[in-house]
Amino acid sequence: MKLKSVSVFDLLEEEHICPHCDEKLTLCHAPPIHIGDGLGWGSEYLFICLNDECRLFVSGWKNIENNYGHVGSYRHMKLPDSDESYNMMVAGKQAFTGSIVDPEQIKNENSRYQKEREAVAKLDTCVEEMNLEPVLYLLFDDHVSVQLKKKASELLTVINDVSCVEPLRNHDFNDSHLEQDVNMAIKAILDSHFLKECPYCAELVKARAKICKHCQMELA
Ligand SMILES: [Zn+2]
Ligand SMILES: [Zn+2]
């Protein structure tokens with residue numbers, strides 16, 4: 001089985017017809033394991049006939065009962081970018097209906113991923129440009145890996161811009177290590193600007209201040 005990465009966008013454009021029922025095949029996410037031989041399909045995606053009236057599917061129940069003595073049927077399946085097609089054994093009607101490729105979801109995932117790549121590319125120049133935007137983007141996007149978030153958090157103190165404090169304080173970090181790193185970065189940035197956060201109104205005030213100029217509370 002050849003391994004070739006085909007863009008899912010191209011696959012969404014393709015149309016394949018089931019030879020058993022003449023209905024259009026549905027693009028599905030491939031299951032992780034090839035049920036037949038324990039190998040991967042060699043493709044992330046499969047075209048499958050999900051027509052419940054398909055001759056193959058309708059007659060399959062009896063076939064499998066007679067030949068194997070258990071409940072199941074067949075769905076017609078075609079590998080993308082290949083002429084290989086199979087009659088795939090399925091345990092019931094619901095098999096694969098949960099793994100239908102949703103074009104909207106794919107589009108969203110892809111545009112999210114593109115934004116992440118753009119932010120990562122900007123990390124190289126964000127320090128000299130004093131540009132917090134890619135750093136904050138990576139820290140705030142839930143889909144970005146923790147390693148990448150860590151890398152972004154290390155740049156906070158290098159960029160050393162107090163304007164990062166407010167957005168960072170307004171974000172809930174799910175990862176406690178990352179939250180700790182961010183808190184330490186905020187502390188270092190404030191210290192280097194001789195600032196502190198007022199514990200009452202959260203405004204930034206001079207580290208030397210004994211009274212908050214914003215809320216007039218007495219500071220320790
Ligand atoms: Zn069919
Ligand atoms: Zn205050």
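The secondary structure of the chain comprises seven helices and six strands, where helices (H or I, at least four residues) and strands (E, at least two) are DSSP runs numbered from the N terminus. Read from the N terminus, the elements follow the order α-β-β-α-β-β-α-α-α-α-α-β-β. The model is a predicted one, in which local features need pLDDT of at least 70, side-chain atom pairs count only at pLDDT 80 or more, and totals for chains, interfaces and linings use all residues. Residues are numbered from 1 along each chain as its sequence is written, while chains are lettered from A and ligands numbered from 1 in the order in which they are written.

**The whole chain**

Begin with the C-alpha trace of the chain, which spans about 85 × 35 × 30 Å along its principal axes. The radius of gyration of the chain is 28 Å, whereas a compact globule of 220 residues would have one near 17 Å; the radius is taken over C-alpha atoms, and the globule rule is 2.2 Å times the number of residues to the power 0.38.

Next, colour residues 8-99 as domain 1 and residues 122-206 as domain 2; these bounds come from an automatic or database domain assignment. The centres of the two domains, taken over C-alpha atoms, are separated by 49 Å.

Of the 220 residues in the chain, 20% are buried. A residue is buried if 20 or more other C-beta atoms lie within 10 Å of its own, exposed if 12 or fewer, and partly exposed in between, with C-beta atoms placed from the backbone. Contacts with a separation of 6 or more are made to 50% by residues 24 or more positions apart; two residues are in contact if their C-beta atoms, placed from the backbone, lie within 7 Å.

**The largest nonpolar core**

Select Leu46, Phe47, Ile48 and Cys49, the residues with the most contacts inside the largest nonpolar core, which has 17 residues. A nonpolar core is a set of buried Ala, Val, Leu, Ile, Met, Phe, Trp, Tyr and Cys residues joined through C-beta atoms within 7 Å. Strands E1 (26-29), E2 (45-48), E3 (73-78) and E4 (85-90) each supply at least two residues of this core, and E2 gives the most, with three residues.

Centre the view on Phe47. Leaving aside neighbours within four places in sequence, Phe47 is in contact with His16, Leu25, Leu27, Met77, Lys78 and Pro80.

Move to E3, which is largely enclosed by the rest of the structure because six of its six residues are buried. Ser73, Arg75 and Met77 point one way from E3, and Tyr74, His76 and Lys78 point the other way.

Two strands pair if DSSP finds at least two bridges between them. E2 and E3 pair in the antiparallel sense over two bridges, and Ile48 stands opposite Met77 in E3. E3 and E4 also pair in the antiparallel sense, over six bridges. To follow that pairing, select Ser73, which stands opposite Val90 in E4, and then Lys78, whose bridge partner in E4 is Ser85. The two strands form a hairpin with six residues between them, and Asp81 in the turn has a positive phi of about 55 degrees.

Select Glu109, which is placed in helix H3. Glu109 counts as partly exposed because it has 13 C-beta neighbours inside 10 Å. Its C-alpha atom is separated by 20 Å from that of Val135, 26 residues apart along the chain.

Continue to Met130, in the loop between H3 and H4. Met130 has a positive phi of about 50 degrees although it is not a glycine, and with 11 C-beta neighbours inside 10 Å it counts as exposed.

In helix H4 (residues 133-140), select the buried residues Pro134, Val135, Leu138 and Leu139. They lie on the same side of H4 because they cover an arc of only 135 degrees around the axis, the arc being that of the directions from the helix axis to the C-beta atoms. These buried residues pack against helix H3 (103-126) and helix H5 (146-159).

The last stop is Phe194, in the loop between helix H7 (176-192) and strand E5 (195-197). Phe194 is not a glycine, yet has a positive phi of about 55 degrees. With 9 C-beta neighbours inside 10 Å, Phe194 counts as exposed.
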